[in-house]
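Look at the sequence and the structure shown below. This report goes through a few of the features that can be read from the atoms.

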Amino acid sequence: YFILQRGYCFTSAYMQKTCMLVCVRMSTILVEFTKVAADPSIVNLGQGLPDICPPSYVKEELAKAAAVDRLNQYTRGFGHPSLVKALSQVYERVCGRKIDPLTDILVTVGGYGSLFSTIQALIEEGDEQLLHSNNACFVFIYFSKKNGGNPASSADWVLDPAELASKFNSKTKAIILNTPHNPIGKVFTREELQVIADLCIKHDTLCISDEVYEWLVYKGNKHIKIATLPGMWERTITIGSAGKTYSVTGWKLGWSIGPQNLIKHLQVVHQNTLYTCPTPLQEALAQALWVDYKRMDDPDCYFYSLPRELESKRDRMAQLLQEVGLRPVVPEGGYFMIVDVSTLNVDLSDVDENQPYDYKFVRWMISSKKLSAIPLSAFCGPETKRQFEKYIRFCFIKVSLNMDDIANNWVVR
Amino acid sequence: MSRPVQARRLEGVDKNIWVEFVKLAATYSTVNLGQGFPDFPPPEFLKEAFSRAVSGEKHMLHQYTRAFGHPPLVKILAQLFGKLLGRDLDPMTNVMVTVGAYQALFCCFQAFIDEGDEVIIIEPFFDCYEPMVKMAGGTPVYVPLRPKAPKEGKLMSSADWQLDPAELASKFSEQTKAIVLNSPNNPLGKVFSRGELELIADLCVKHDALCISDEVYEWLVYDGKEHIRIASLPGMWDRTVIIGSAGKTFNVTGWKVGWTVGPNRLLQHLRTMHQNSVYHCATAAQDAVAQGFQREFEHYGKPDSYFVQLPRELQQKRDQLVQSLVAVGMKPIIPEGTYFLVADISEFKSEVPDVPNSDEPYDSRFAKWMVKNKGLAAIPLSAFYCGAHKNNYNSFIRFCFAKDATLKAADDILQKWKLEKAAP
């Protein structure tokens with residue numbers, strides 16, 4: 001999928017990390033569902049935030065950092081020195097190339113902040129475009145189901161290469177890639193990435209690669225960085241997130257990594273938007289990264305132990321959902337799972353006709369099962385709502401107790 | 001790529017004075033009174049609050065909180081500012097938390113300024129206003145504070161720098177969307193008087209302009225002066241966004257917690273901008289700041305209130321620095337507020353000669369010379385003027401006195417310098 005438009009609508013929709021992007025006001029939809037989910041009697045399995053504990057050394061490093069006076073004051077704008085150094089080391093190892101901590105990295109307020117800085121830096125408003133007079137245009141591409149039918153795994157969702165190629169033209173500025181993908185959980189294969197890379201090179205297009213869930217890949221899958229494919233480093237910004245790496249979404253620290261000639265523009269945006277990110281958090285993150293960098297050959301490294309933990313949660317949630325008669329689409333990565341609810345054939349025809357089925361289903365599930373999730377069509381434009389209205393999104397980075405409520409609440413009520 | 005890879009909105013906003021001077025100060029071993037941050041610790045009660053937030057039982061404080069502001073923080077901000085403004089504030093709609101006051105400013109310009117809109121900026125100004133207005137597509141319109149000669153034998157005060165009412169009025173036009181007010185003012189330390197605020201307010205009302213009121217130094221006022229909030233003047237609440245900063249309030253610049261307070265009709269647009277740029281702010285620091293404010297709310301006006309103690313402490317440091325600067329031959333302008341002090345260095349043209357027709361303003365050359373030769377860093381005042389006006393007031397430098405050990409070290413340098421000057 002692509003995005004070429006200035007900040008506003010795109011980032012709002014993109015926050016939901018979906019492949020379907022439109023100029024839709026997301027806020028009202030989410031406000032409704034997150035407000036409902038705030039009710040303590042409802043088990044919130046929709047919103048993407050962990051209720052598991054972050055690793056203790058991560059919390060300890062933050063406490064240690066805050067005790068140092070100097071670390072409660074401003075640090076280097078583009079990224080705290082010890083943090084950018086740690087990031088460069090980790091990613092040099094992953095990418096197999098030299099990464100300059102001062103010129104090739106920008107630390108941002110979450111992966112979200114990286115997306116924003118990247119779009120503001122590199123995407124032109126008023127570009128010569130087709131659909132809107134003042135804005136660059138969106139071009140969407142949708143996942144289709146491999147071989148039609150009912151997908152059982154996120155691998156069954158694919159991009160049609162011919163359709164993808166048809167969307168590229170001389171005006172195409174960038175493609176946004178999200179792998180592992182939210183919400184579907186797809187982990188793009190090397191072959192799939194190569195198709196995208198070939199098109200980027202052919203059309204001289206940038207690639208904005210949102211890889212916040214990079215460590216959360218499950219058995220049989222490998223996360224591949226498109227920036228490591230030939231010809232891609234110089235045209236790719238890769239985005240990462242402390243929140244997703246260490247289960248600390250409330251730290252709101254992310255980073256953009258790429259070639260100096262692109263990152264320097266993100267740095268200009270950053271110095272004119274928030275200037276610098278919080279210091280103690282950056283120092284703590286640096287220390288945590290060193291701990292795990294040193295054990296990157298060790299299975300106990302958090303980069304590997306977290307996905308192991310989540311894989312069993314994924315499997316448990318899929319099982320529970322199947323037991324109550326739903327059809328989960330088992331994700332290859334990430335911590336979301338989309339679920340086909342049409343299998344239950346809950347008759348909601350007496351409820352408001354204009355609402356997509358998944359909205360109605362989630363509301364029904366909240367009131368009758370005290371469980372909440374997010375309707376997938378919330379993230380779709382009018383053309384595609386009907387295609388996706390039988391899916392809802394669950395989040396499984398949750399303590400077992402909460403997940404078990406899927407079974408408990410369903411049976412009892 | 002044949003066309004430029006970067007967006008046009010980045011034109012003219014890529015230079016940044018801080019990047020240059022911070023690098024310079026780091027290159028030479030310097031006593032750094034340049035950049036504005038304290039070298040002493042935040043208050044104990046705040047450090048403890050952060051420690052509780054991070055290591056305590058509530059591990060969910062490491063996860064996302066409410067996007068527009070952590071509930072305990074917006075609640076206490078609404079209470080405190082409600083009391084200060086004499087108004088009932090709704091924490092959900094009249095307050096929004098940002099990543100430092102810097103991001104609050106960014107949201108304001110992005111939310112309210114369009115192509116062709118004019119924004120009045122009072123010089124000297126905190127340098128980010130100009131590029132932010134430009135990035136939003138707006139046109140900055142500058143109006144200077146002009147120094148009046150002080151009384152015979154007295155040092156100049158920041159109060160002696162004033163707006164010319166006719167000149168200010170002439171800057172307002174059909175295109176004027178907003179004026180940026182910064183009181184207490186960085187870099188001068190000026191605390192705008194009620195009369196001066198009324199002047200600005202009348203023009204805002206007359207021209208239906210917004211007021212973006214940067215009040216980050218609101219608690220740092222000296223000599224018994226009062227910080228008056230322009231939003232409390234008649235006709236102003238509905239057109240003003242007040243910006244505040246935990247960094248400046250509690251000496252935790254590295255926490256990057258700021259906020260906006262204002263009417264819902266304005267804040268709704270800030271929320272839109274916020275949710276499309278960073279969406280959430282970090283949770284733990286917000287929780288700690290909320291507890292800090294709770295404590296201050298309970299101690300408000302009492303002698304052990306941090307808001308009473310901090311300005312008292314800083315006033316002493318101000319006076320100390322003033323003495324040392326006078327001794328070495330600089331002419332400090334006594335600031336009424338903030339932790340900045342501007343000093344006139346025109347006396348030093350004998351030691352550091354002016355270069356006529358130079359591109360670089362005198363104060364910038366002097367500041368660099370001082371870093372390299374005296375090991376003391378300060379910021380040239382010309383950094384706080386637009387390009388066209390950089391040479392209007394180019395014989396001043398700005399010091400930050402929110403310092404403990406650094407101030408003592410600076411004092412040593414200044415004493416030594418004074419002796420060197422006296423020696424034949």
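## The interface

The model is a predicted one. In it, 67 residues of chain A are in contact with 58 residues of chain B. The area buried between the two chains is about 5,300 Å². Carbon and sulfur atoms give 55% of that area.

Across this interface there are 29 residue pairs in polar contact. On the side of chain B that touches chain A, the elements giving two or more residues are helix 1 (17–27), helix 2 (44–55), helix 4 (100–112), helix 5 (129–135) and helix 9 (264–275) of chain B. The residues on that side of chain B divide into 30 nonpolar, 20 polar and 8 charged. The rule finds 1 salt bridge across the interface of chain B and chain A. Its partners are A:Asp69 and B:Lys47, with a distance of 3.2 Å from N to O.

## Salt bridges within the chains

Side chains of opposite charge can pair when their charged atoms come close. Over all chains, the structure holds 37 salt bridges. One of them joins A:Lys390 and A:Asp340, at 3.5 Å from N to O. A:Lys390 lies in the loop between helix 13 (382–388) and strand 13 (391–395) of chain A, while A:Asp340 is in strand 10 (residues 336–340) of chain A, so the pair ties together parts that are 50 residues apart in sequence.

Chain B has salt bridges of its own. In helix 5 of chain B, B:Glu130 and B:Lys134 are 4 residues apart, about one turn of the helix. These two residues form a salt bridge whose closest N and O atoms are 2.9 Å apart. B:Glu130 is buried, because its relative accessible area is 15% and the limit for buried is under 20%. B:Lys134 is partly exposed, with a relative accessible area of 35%. B:Asp14 forms a salt bridge with B:Lys15, with 3.8 Å between the closest N and O atoms. Here B:Asp14 is partly exposed at 39%, and B:Lys15 counts as exposed at 71%. In chain A, salt bridges also link A:Lys219, A:Glu311, A:Arg314 and A:Asp315 in a network.

## Backbone geometry

Most residues other than glycine have a negative phi, and most peptide bonds are trans. Which residues does a cis peptide bond join? B:Ser183 and B:Pro184 are joined by a cis peptide bond, with omega about -5 degrees. The bond from B:Asn186 to B:Pro187 is also cis, with omega near 20 degrees. B:Pro184 is in the loop between strand 7 (176–182) and helix 7 (194–206) of chain B, and B:Pro187 lies in the loop between strand 7 and helix 7 of chain B.

B:Asp208 is not a glycine, yet its phi is positive, at about 50 degrees. B:Asp208 is found in the loop between helix 7 and strand 8 (210–214) of chain B, and counts as exposed at 56% relative accessibility. B:Asn357, not a glycine either, has a positive phi of about 60 degrees. B:Asn357 lies in the loop between strand 12 (340–344) and helix 12 (362–374) of chain B, and counts as exposed at 84%.

## Aromatic rings

A pair of aromatic rings is described by the distance of the centres and the angle of the planes. The structure holds 46 aromatic pairs over all chains. The ring centres of A:Tyr213 and A:Phe336 are 6.2 Å apart and the planes are at 80 degrees, so this pair is edge-to-face. The pair links distant parts of the chain, 123 residues apart: A:Tyr213 is in the loop between strand 6 (206–210) and strand 7 (236–241) of chain A, and A:Phe336 is in strand 10 of chain A. Both residues are buried.

B:Phe366 and B:Trp417 form a stacked pair, with 6.5 Å from centre to centre and 20 degrees between the planes. B:Phe366 lies in helix 12 of chain B and B:Trp417 in helix 13 (residues 405–422) of chain B, so the pair ties together parts that are 51 residues apart in sequence. B:Phe366 and B:Trp417 are buried. Elsewhere in chain B, ring pairs link residues into a cluster, among them B:Phe45, B:Trp219 and B:Tyr306.

Conventions:
Residues are numbered from 1 along each chain as its sequence is written. Chains are lettered from A and ligands numbered from 1 in the order in which they are written. This is a predicted model: local features need pLDDT of at least 70, side-chain atom pairs count only at pLDDT 80 or more; totals for chains, interfaces and linings use all residues. Side-chain values use heavy atoms; hydrogens and water are left out. Contact means heavy atoms within 4.5 Å. Buried area is the accessible area (1.4 Å probe) that two parts lose on being put together, summed over both. A salt bridge is a side-chain nitrogen of Lys or Arg within 4 Å of a carboxyl oxygen of Asp or Glu. A polar contact is a pair of N or O atoms within 3.5 Å; within protein, one must be able to donate a hydrogen and the other to accept it, and residues adjacent in sequence count only if both atoms are side-chain atoms. Ala, Val, Leu, Ile, Met, Phe, Trp, Tyr, Cys and Pro count as nonpolar, Asp, Glu, Lys and Arg as charged, and the others, Gly among them, as polar. Buried means under 20% relative accessible area, exposed over 50%, partly exposed in between (1.4 Å probe, protein chains only). Rings of Phe, Tyr and Trp (its six-membered ring) pair if their centres lie within 6.5 Å; planes under 30 degrees apart count as stacked, over 60 as edge-to-face and the rest as tilted.
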